Amino acid sequence: MEIDVIYFLDAWCYVQGGMGGLSNAVASAARSLGVEIRTNCNIKSIDIRNSKIEGVILDNDEEIKCKVVASNATAYVTFKDLITNDVIQTNKDLQNLKKHILQMDYTSGTTKINLALKGLP
């Protein structure tokens with residue numbers, strides 16, 4: 001995976017091509033490892049059985065089996081809309097986590113993502 005970076009003041013950096021360049025590079029690396037990426041499809045729920053991810057269920061009721069689900073939704077949307085209450089009710093830690101997540105203030109339109117990298121891209 002190759003990402004062109006423009007440095008500014010040795011502290012901040014900007015990805016060549018904007019954040020779309022970063023998204024494309026991550027998608028390309030994932031695909032090279034056999035990951036299937038689907039876009040423009042809505043998830044009805046994350047399929048969790050016996051405390052184990054089984055996959056996702058789309059709005060059209062298609063089931064996609066997988067071992068890992070990465071949600072780009074907020075924690076609020078993920079826990080409120082994508083993980084069913086019957087799953088949450090079987091786990092005290094999830095109940096507590098959901099309670100705290102639903103109480104968070106989401107009025108800011110800012111998102112910050114920190115990545116831990118092995119080295120410079």
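1. Helix H2, which spans residues 75-82, has Thr78, Phe79 and Leu82 as its buried residues. Viewed down the axis of H2, these residues fall within an arc of 115 degrees, so they line one face of the helix. Buried here means under 20% relative accessible area, exposed over 50% and partly exposed in between, with a 1.4 Å probe and protein chains only. The arc is taken from the directions from the helix axis to the C-beta atoms.

2. This is a predicted model, in which local features need pLDDT of at least 70 and side-chain atom pairs count only at pLDDT 80 or more, while totals for chains, interfaces and linings use all residues. Residues are numbered from 1 along each chain as its sequence is written, and side-chain values use heavy atoms, without hydrogens and water.

3. The buried residues of H2 pack against strand E3 (43-49), helix H3 (85-89) and helix H4 (92-102); contact means heavy atoms within 4.5 Å. Helices (H or I, at least four residues) and strands (E, at least two) are DSSP runs numbered from the N terminus.

4. The whole structure holds 8 salt bridges, each a side-chain nitrogen of Lys or Arg within 4 Å of a carboxyl oxygen of Asp or Glu. In one of them, Asp47 pairs with Lys65, with the closest N and O atoms 3.6 Å apart. Asp47 lies in strand E3 and Lys65 in strand E5 (residues 63-65), so the pair ties together parts 18 residues apart in sequence. Asp47 is buried, at 8% relative accessible area.

5. Arg49 forms a salt bridge with Glu63, at 3.9 Å between the closest N and O atoms. Arg49 is partly exposed at 40%, and Glu63 is partly exposed at 45%. A salt bridge also joins Glu63 and Lys65 (3.3 Å, N to O).
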